[in-house]
Amino acid sequence: MSIAMYIAVMAVATYLIRAVPFVAFKKKIESRFLRDFLGYIPYAVLTAMTIPAIFYSTGSVATAAIGTVVALVLAYVDMPMVVVALAASAAALIAGFWL
């Protein structure tokens, strides 16, 4: 297949994923449960893409786990995102040197 065919297939798939909900749901969704459920989908998808990337980003699962724990603790105490990212990266780097 040519590269143009790949691009065309992905364009159609992307369009359908975005267009089908508008066609299927013409009225406002009244169910509170369904609205809440649909509201959490972006967070679930982002988590499903991020967590594996975190644990495969370093050469060791242990260093990735240490960086993740540091990030979770700092995020829990409401540190800025830049501080969380830098501290988690530094923790994973230091753990990599230490382990």
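Trainee: Which helices each supply at least two residues of the lining of the largest pocket?

Mentor: In this predicted model, where local features need pLDDT of at least 70, side-chain atom pairs count only at 80 or more and totals for linings use all residues, they are α2 (32-57), α3 and α4, helices being DSSP runs of H or I of at least four residues. Numbering starts from 1 along each chain, and side-chain values use heavy atoms.

Trainee: What makes the largest pocket a pocket, with its volume of about 530 Å³?

Mentor: On a 1 Å grid, a pocket is an open set of points with protein on both sides within 12 Å along at least five of seven lines, lined by residues with an atom within 4 Å of a point; of 21 such residues, T50, I54, T68, A71 and V84 are closest to its centre.

Trainee: Why is α3 called roughly antiparallel to α4?

Mentor: The axes of α3 (residues 61-76) and α4 (residues 81-98), lines fitted to C-alpha atoms, come within 8 Å and cross at roughly 150°. Angles over 145 degrees count as roughly antiparallel, so α3 is roughly antiparallel to α4.

Key. Axes fitted to C-alpha atoms, helices over the stretch in contact; angles between N-to-C directions. Parallel < 35°, antiparallel > 145°, perpendicular 65-115°, else oblique. 1 Å grid on protein atoms, 1.4 Å probe; cavity = no way out; pocket = protein on both sides within 12 Å on 5 of 7 lines; lining within 4 Å.
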